Amino acid sequence: MNYKTLFGYVTSSVRKGLVNNLSRNMSTGRFRVYITRSDMPESGLDLLKKKCDIKTWKEASTVPREEFLKSVAGVDAIYCTLSDKIDQEVLNVAGPQLKVISTISVGYDHIDLTECKKRGIKVGYTPNVLTDATAELTMALLLTTSRRLPEAQLDAKTGGWVSWAPNYMTGPGLKGATVGMVGFGRIGQAVAKRVKSFETARILYFSRSERAEANEIGAIKVEFDELLKESDFVIVCAPLVPETKEMFNKSAFEKMKRSAVFVNTSRGALVDQNALIYALENKIIWGAGLDVTTPEPLPLDSPLFKLKNCVVLPHIGSATIDTRNTMSELTAANILAALHNAKMPAELK
Ligand code: DGY
């Protein structure tokens, strides 16, 4: 959905809207929205400012928990990021007038959805609009890891590049490889389509549900263990839910090929990070590319930063300029629709 569609949607929803929420700012008659950082993309904020009173954490950083708890009391809506934990404590201090929480992310593992539902609080998120950006970054990370780009660049800059040499900076190629996708939703499928253009031999996927789109892509559904055993590249695009938490543990890494490249652009918590460090240090797998870690940011003394066979990025999967603007607009549109009792463009049910 682009900006214009979203804006049209919001204004028509508002026009139609049954504006009956009594908890609005009594002096201005406007809704109160709390925004958890000062640097949210402007296009979304502009939509909100027309209709709401905005209160924003003053810094371009994650709002400290204590400040967050103090600031949400009495607001009608919270515009948050994946770094803001929305739990019972936040909902309690916010108060019963809180109508909607809207996160500028497709992942929503930071939100206690059950508790929100119980209290009738709507929850918005940003699916679809970041699929392509995240798939592109996943491909970039895969190739950066397998073709050892950070290591090669460092060598070139620091005098390690002595001559062309036949075995210098070699790594596994995608052509003819078997690629295993763990999670085959929107992002997994978008990655698989891109992977296919590299003339891979097979694309396998593991998913809790049957995916009709797999036929068109030519991906084959397999059990998790088979995927681990057969894949030259294992790409994680599954959401974090109780069933996927630390599914990549010691036993999973031991089932993978010693030549395998592991790529995770989903959530760090799908991986037992100590088991991954052990697998990389002991060459149980060939290498790993991570856009997500536990915790985030990853402490500078993490062994992952010291390993040559590991590339770590600072959670930038959706970070194209247009994507972030559209995510901000969708986050705002979700809030405006919910506040006006209209259908939200992307509601989590
Ligand atoms: C998400 O949206 O959940 C990504 O992890 C960040 O854009």
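In this report, helices (H or I, at least four residues) and strands (E, at least two) are DSSP runs numbered from the N terminus. Residues are numbered from 1 along each chain as its sequence is written. The model is predicted, so that local features need pLDDT of at least 70 and side-chain atom pairs count only at pLDDT 80 or more, while totals for chains, interfaces and linings use all residues; side-chain values use heavy atoms, with hydrogens and water left out.

Directly after helix 6, Arg148 adopts a positive phi of about 55 degrees. Helix 6 contains 16 residues, and from its first C-alpha to its last it reaches 23 Å, close to the 22 Å expected at 1.5 Å a residue. The expected span is 1.5 Å times one less than the number of residues in the helix. Among the buried residues of helix 6 are Thr131, Ala135, Leu142 and Ser146.

Just after helix 14, Asn341 has a positive phi of about 55 degrees.

**The ligand and its surroundings**

The residues around the ligand are Leu82, Ser105, Val106, Gly107, Leu130, Arg267, His315, Ser318 and Met327; a residue is included if one of its heavy atoms lies within 4 Å of the ligand. This shell divides into four nonpolar, four polar and one charged. In that division, Ala, Val, Leu, Ile, Met, Phe, Trp, Tyr, Cys and Pro count as nonpolar, Asp, Glu, Lys and Arg as charged, and the others, Gly among them, as polar.

| Residue | Atom of the residue | Distance to a ligand oxygen atom |
|---|---|---|
| Val106 | polar backbone atom | 2.7 Å |
| Gly107 | backbone N or O atom | 2.8 Å |
| Arg267 | polar side-chain atom | 2.7 Å |

On its own the ligand has 230 Å² of accessible area, of which the protein covers 91%. Accessible areas come from the Shrake-Rupley method with a 1.4 Å probe.

Val106 is also approached by Thr126: the backbone nitrogen of Val106 lies 3.5 Å from a polar side-chain atom of Thr126. Thr126 is found in the loop between strand 5 (122-124) and helix 6 (131-146), and it counts as buried at 0% relative accessibility. Ser318 lies in the loop between strand 12 (310-312) and helix 14 and, at 10% relative accessibility, counts as buried. The side chains of Ser318 and Arg324 make a polar contact at 2.9 Å. A polar contact is a pair of N or O atoms within 3.5 Å; within protein, one must be able to donate a hydrogen and the other to accept it, and residues adjacent in sequence count only if both atoms are side-chain atoms.

**Aromatic residues**

Rings of Phe, Tyr and Trp (its six-membered ring) pair if their centres lie within 6.5 Å; planes under 30 degrees apart count as stacked, over 60 as edge-to-face and the rest as tilted. The count comes to eight aromatic pairs. Phe206 and Phe224 form a tilted pair, with ring centres 5.4 Å apart and planes at 45 degrees. Since Phe206 lies in strand 7 (residues 202-206) and Phe224 in helix 10 (residues 224-230), this pair ties together parts that are 18 residues apart in sequence. Phe253 and Phe262 form an edge-to-face pair, 5.4 Å centre to centre with 85 degrees between the planes. Both Phe253 and Phe262 are buried. Phe206, Phe224, Phe248, Phe253 and Phe262 form one aromatic cluster.

Definitions and conventions: Buried means under 20% relative accessible area, exposed over 50%, partly exposed in between (1.4 Å probe, protein chains only).
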